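I opened the model today and kept notes on what I looked up. The entries follow in the order I made them.

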Amino acid sequence: MAQATDAVWLPVLPDMSGFGPGIVKGAGSQVDSSGKAVGKRFGAAVLAGTAVIAGGAVLASKALYNIGATFDDVTDTIRVGTGATGDDLDALVQSAKNIGRNVPAEFEAIGTAVADLNTRLGLTGPTLETVASQILELERMGQAVDINTLSGALNAFNIEAEQTPEIMDHLFRVSQATGISVNDLAAQAMNAAPAVMQLGFSFEETTGLIGNLDKAGLNSNRMMVGMSQALVRLAKDGEEPADAFRRTIGEIEGFLEAGDRAAAIDLAGQVFGTRNATQFIGALESGTLAMDDLATVAGMTEDTIL
């Protein structure tokens, strides 16, 4: 497995400048555990602090053997998960190595993320490395992302591969501003996709609206699914559902500006359901819910995952 291990081991080689005839007693077990630790958890920060290898080239070789064995496992994970062989497999393994240099994650997790993203979204090269790094970093923050759910949502909205890193950052920003996990946002967007795409909503608008509704204390999942059906009924002759939505929201806001709260609640009930109408109107009045820019949530920053 020379190709899977070259060019990455130099940082963990010991400094041999002070090597003398004595070899520390019991160093073998120490190196064995150090090698396994370095091989398993290899990101840049780990490389900087883990490679304390006692005594001689033989002991260093043992540590490197453990790292090499780890890469054998990673290669197998990617090969089995994707079916890739030859140059394609080499490229995916190289991506795993690149990620490992920059993200403090176990290589087992890196290999799985690389395989799943390649299989489910067809990601390769720098885009694959960025998205895998984002997912691994989210997990390190305590937000585990199910790649099957994520890919289902992105595929439902026909998100192009090169858009994925920015989409991930958008999910992160909405999550920061609302408290909904990235995974839950993706799951709700996937469930709502058939309905909201009739309204012409983008992925960013859909997840922003989900976040806004949830932050306002509303059942975003139920409201999003029922909304499209209601707007079909409310649409005027020849009016597209997307136009009906914007017209209806404008009418609700017009009623509120005119002081006719009852009419606003009645119309909101026809769109979002009677149980949600009062809360929806309250959220509009308080400014918690802004319908003029669906992709934006109050408190959103320009922060990124990485």
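Which residues does M227 touch, not counting residues up to four places away in sequence? I found V196, L199, F201, L209, F245, V271 and F272 on its list. I note at the outset that this is a predicted model.

**Entry: the core**

I then looked up the largest nonpolar core, which has 75 residues. M227 is among the members that touch the most other members, together with L117, F203, F245, I252, F280 and M291. I checked where the core residues come from, and helix 10 gives the largest share, seven residues. For background I wrote down that nonpolar side chains tend to be buried together in soluble globular proteins.

**Entry: the chain as a whole**

I counted secondary structure next and got 15 helices and zero strands. The chain has 306 residues, and 47% of them are buried. I also looked at contacts between residues at least 6 apart in sequence, and 72% of these join residues at least 24 apart.

**Entry: aromatic pairs**

How many aromatic pairs does the structure hold? I got three. For F201 and F245, the ring centres are 5.1 Å apart and the planes stand at 75°, so I logged the pair as edge-to-face. This pair links distant parts of the chain, since F201 sits in the loop between helix 10 and helix 11 and F245 sits in helix 13, 44 residues apart. F201 is buried at 4% relative accessible area, and F245 is buried at 3%.

I looked up F272 and F280 as well, and their aromatic pair is tilted, with 4.3 Å centre to centre and 35° between the planes. F272 has a relative accessibility of 6% and counts as buried. F280 is buried too, with a value of 0%. Both F245 and F272 had already come up in my list of what M227 touches.

**Entry: helix 8**

Is helix 8 enclosed or open to the outside? Helix 8 covers residues 147-156, and seven of its ten residues are buried, so I put it down as largely enclosed by the rest of the structure. The buried ones are I147, T149, L150, S151, G152, A153 and L154. I then asked what they pack against, and found helix 6 (107-121), helix 7 (125-140), helix 9 (164-178), helix 10 (182-196) and helix 11 (203-215). Helix 10 is also the element that gives the largest share of the core.

I checked both ends of helix 8. At its start, D146 has a side-chain oxygen within 3.1 Å of the backbone nitrogen of N148. Just after the helix comes N158, with a positive phi of about 55°. I noted this value as one in a residue other than glycine. Most residues other than glycine have a negative phi. N158 lies in the loop between helix 8 and helix 9, and it is exposed, with a relative accessible area of 56%.

**Entry: salt bridges**

How many salt bridges are there? My count came to six, and I wrote up some of them.

D76 forms a salt bridge with R79, with the closest N and O atoms 3.9 Å apart. These two are three residues apart in helix 4 (residues 57-82), which means about one helical turn separates them. D76 is partly exposed at 37% relative accessible area, and R79 is partly exposed at 39%.

E166 forms a salt bridge with R173, and there the closest N and O atoms are 3.0 Å apart. I looked up both partners: E166 is partly exposed, with 44% relative accessibility, whereas R173 is buried at 9%.

R247 and E251 form a salt bridge at 2.9 Å, N to O. Both lie in helix 13 (residues 241-257), four residues apart, about one turn of the helix. Salt bridges that share partners join E239, R247 and E251 into one network. E251 counts as partly exposed, at 30% relative accessibility.

Conventions:
Residues numbered from 1 in each chain as written. Predicted model: local features only at pLDDT ≥ 70, side-chain atom pairs only at ≥ 80, totals over all residues. Heavy atoms only, no water. Buried < 20%, exposed > 50% of the residue type's maximum accessible area, 1.4 Å probe, protein only. Contact = heavy atoms within 4.5 Å. Polar contact = N/O pair within 3.5 Å; in protein donor to acceptor, adjacent residues only side chain to side chain. Core = buried A, V, L, I, M, F, W, Y, C linked by side-chain atoms within 4.5 Å. Salt bridge = Lys/Arg side-chain N within 4 Å of Asp/Glu carboxyl O. Phe/Tyr/Trp six-rings, centres within 6.5 Å; stacked < 30°, edge-to-face > 60°.
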